[in-house]
Amino acid sequence: LCQLPGWSMRADGSLVIATGNDDALGVYTCTPYNSYGTAGESQPTRVLLKDPPAFTVRPKEEYFQEVGRELVIPCTAHGDPPPTITWLKVGSVGKSSAQVDVNSSLVLRPLTKEQHGLWECRASSQVATISATTLVHVLGTSPHAVTNVSVLPLLLAANISWEPGFDGGYFQRFSVWYTPLVKQPPRAHHDWVSLSVPVGAQHLVVENLQPDLSYQFSVLAQNKLGSGPFSQIVTSVPRGLPVTTVPAEPPAVTLGVFLSPPQALTANETLRGVLLRWQPPAQLSVALSGYALELRQDRGGWEVLDRSIPSTKTQVLVPGLIKDAFYEFRLVAFAGSYISDPSNTVNVSTAGMEVYPSRTQLPELLPQPVLAGVVGGICFLSVAVILSTMAACIMSRRRAARSQKRRQGRSWLPGG
């Protein structure tokens, strides 16, 4: 064995071949013995070399497809012996409605919301098993349930946080639902209290809770197509005020973040579009990061039009509106990870108006050289008008004087 690199024998008599190659091919027997001799060799065994499975076509990392349509994901492999291809949905319980065609491709026909998620292609043989995964995004559906809901008990409050699920291809918003846990049958969600979550936030502090009373919390996602399923229900007990019989120093309480909504939002129609103006938030305890502009058309769902308006701006021009439509606009302010409540809503009707240009931009003032040229031109025109008027008056007086002199000269002539 010392002449064959990677070959060795264990104490129990097993033969170890570290690297399988052509040297390992053949028929082997094992002969046990001791000081008294041997009872003979074992039955012969044959060593064959087989190729483990290897992918010839791997699925892509991601696939995007509309719900109700067909999605085919290829996956092929080779080996000796030829491997068997199987597909399964990661984390799925029970059988999937997926089909596999003769080329071992995954066929999702028609594509459903439940088929969104991670899929795994496995190539198996007697030698080994290999796998490859792909993520299927099903577009045009209501949102998926949020995950990893957690509740942090606070003083007479609770901080609920979560991880959003897939939005179905549309902008989604969240609401937190809660109810006290009392000794009675579980209450349906429509009996719970719901709170809207600011745009872009993934947590919400629920205040004014009763101390030492258990509460149940759940999170609901919604988009323009409807509501997704409620998240798992999490139970928590908010902390109560400390009870003491002697005066004590006030407990250290982390100052809350105050961020009031933008003020006095107004809309004015101009030749270039709708000009929105507002005043900054009246109360804020942290530096303002910026604004986000939301709109909805014809009483539909709210959507974010621009989420990157600088904090120094107090106006924005909105072109690209559709003729004969009704729009509503509102504004929210950002301060770090905190978002204010929406501002007041302003309404704009484009009935009978021409279509505006199709690019949203901030209004810009005229450059100083251009402004100076305009002012100079106005001044020059005014001076020219004044000089022309004065010249006309002087010429009129001179003509009148000459006419008078002619009349006086005729009156002194003889016979006159």
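**Ground rules**

I number residues from 1 along each chain as its sequence is written. Because the model is predicted, I take local features only at pLDDT of at least 70 and side-chain atom pairs only at pLDDT 80 or more, while totals for chains, interfaces and linings use all residues, and side-chain values use heavy atoms, without hydrogens and water.

**Entry 1: the three-strand sheet**

I looked up an open sheet of three strands and found the order β14-β15-β18, with antiparallel pairing. Strands here are DSSP runs (E, at least two residues), numbered from the N terminus, and two of them pair if DSSP finds at least two bridges between them. β14 and β18 (203-206) are the edge strands, each pairing on one side only. Neighbouring strands are turned by 15 degrees against each other on average, direction ignored; the axes are lines fitted to C-alpha atoms, and angles run from 0 to 180 degrees between N-to-C directions.

Next I followed β14 (residues 147-154) into β15 (residues 157-163): they run antiparallel and are joined by six bridges. Val151 has Ile160 of β15 as its bridge partner, and Leu152 stands opposite Asn159 in β15. Two residues lie between the strands of this hairpin, and Leu156 takes a positive phi near 55 degrees there.

**Entry 2: the four-strand sheet**

This open sheet has the order β6-β13-β12-β9, and its pairing is mixed. β6 (62-66) and β9 (84-89) each have a single partner strand, so one side of each is left without a neighbour in the sheet. I then checked β6 against β13 (residues 129-139): five bridges join them, and they run parallel. Gln65 has Val138 in β13 as its bridge partner.

**Entry 3: the second largest pocket**

I read off a volume of about 360 Å³ for the second largest pocket. A pocket is an open set of points on a 1 Å grid over the protein atoms alone, where a 1.4 Å probe fits, with protein on both sides within 12 Å along at least five of seven lines; lining residues have an atom within 4 Å of a point. The volume is the space filled by probe spheres set on the points, which are joined across faces, edges and corners.

Of the 14 lining residues, Arg173, Gln222, Asn223, Gly301 and Trp302 are the closest to the centre of the second largest pocket. β16 (173-180) and β19 (215-223) are the elements giving two or more residues to this lining, and β16 gives the largest share, three residues. Domain 3 (147-236) and domain 4 (263-350) both contribute to the lining, so the second largest pocket lies between them; the domain bounds come from an automatic or database domain assignment.
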